[in-house]
Amino acid sequence: MTPRFAVDHSILSPEALTTEILPRFGIRAARVVFFQSGFNDTYRVESRDGQVYFLRVYRHGWRTREDALYELDVLEALREKGIRVAFPLASRHGGFLEEVAAPEGTRGVAVFVSAPGQELEYGSDPAPLARRYGEAVAAMHNALEGFASPHPRFVIDLRHLIDEPLERAEPHASRWPENWDYLRRFAAAVRQALVALPEASLERGVCHGDLQCYHAHVDEAGRLTFFDFDCGGQGFRAYDLAVFRWCARLQGQEETRWPAFLSAYRAARAVSELDVSAIPLFVCARHIWHIGVHAQNVSHWGCGDLNAGYYGPRVAALRALANDYRIGV
């Protein structure tokens, strides 16, 4: 018998998930469809009683089992504190994580309730929604004070945000020496500025890790429900806030979204001036992390787009950041 050819990433059958996995979570599914593939694979589940869930299949090699269990513990802790999140369902075995033997190796599976409401739309008057977002993030951070999990998880530190992304980007970015040289110098300047704050005095705590103005739904009453904590963990709270500013800047609404968000956040939760001063630097770090995460995932997303057309505009964005935020590179 010919051995099966090795694979890096498989797409699990919706039919097999329907019959073999969803019953473990007490769900009798009427329809399961492959929804999207990103860091992990997501399936949309419609149950026979009309409920909607989202099933995540963690990608093999992306997160460890302990990483996943930590994330699920965070969501359950937030649910218990009354924070609106797309929380996980417990399986009949009592935990939140099941496992399947995929061709590439063991993969974790979790099922989440659907976040009520609609996708966020900032439109021409973004400030009111940005304020609600800031209030909701402050409530989430407040609720996570003192959180502890028995499961270890990666830490959102300067190595995670700057050093490792550079290491991953080098094999691709170094093909364009001028861009690569600027990226290295920019990263070094940002790192040095953060260390000099000093970064050891910045507030740390559990972070969502990807509060990019979205990753939440809003209902008719204006209440936000957050989802997708896959990039979260213990880290700099200023970074968690900076990701919102990073997204607003990318979409040309930094001047309208960001002040409204920060004002609402500070009205509900104290932020030191040192942490506020770190936020522009963490916006820069987010750009570096984002470049690194694309390089990190070439085995699943491909490397065809990591070319001059990719690095040129991103380095131009870094130059604009250095000018606007007065970072000497």
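Among contacts in the protein between residues at least 6 apart in sequence, what percentage joins residues at least 24 apart? With contact taken as heavy atoms within 4.5 Å, the share is 73%. The structure is a predicted model, in which local features need pLDDT of at least 70 and side-chain atom pairs count only at pLDDT 80 or more, whereas totals for chains, interfaces and linings use all residues. Residues are numbered from 1 along each chain as its sequence is written, and side-chain values use heavy atoms, with hydrogens and water left out.

The protein comprises 10 helices and 10 strands, assigned as DSSP runs (helices H or I, at least four residues; strands E, at least two) and numbered from the N terminus. Its radius of gyration, taken over C-alpha atoms, is 21 Å, close to the 20 Å given by the globule rule (2.2 Å times the number of residues to the power 0.38) for 329 residues, so the protein is as compact as a globular protein of that length. The C-alpha trace spans about 60 × 55 × 40 Å along its principal axes.

Of the 329 residues, 53% are buried, that is, under 20% relative accessible area (1.4 Å probe, protein chains only). The largest nonpolar core contains 93 residues, and Tyr-133, Phe-226 and Phe-282 have the most contacts inside it; such a core is a set of buried Ala, Val, Leu, Ile, Met, Phe, Trp, Tyr and Cys residues joined through side-chain atoms within 4.5 Å. Helix H8 (residues 273-296) gives the most to this core, with 12 residues. Apart from this core lies another, of 19 residues, including Leu-22, Ala-29, Leu-55 and Val-109.

Note on methods. Buried < 20%, exposed > 50% of the residue type's maximum accessible area, 1.4 Å probe, protein only.
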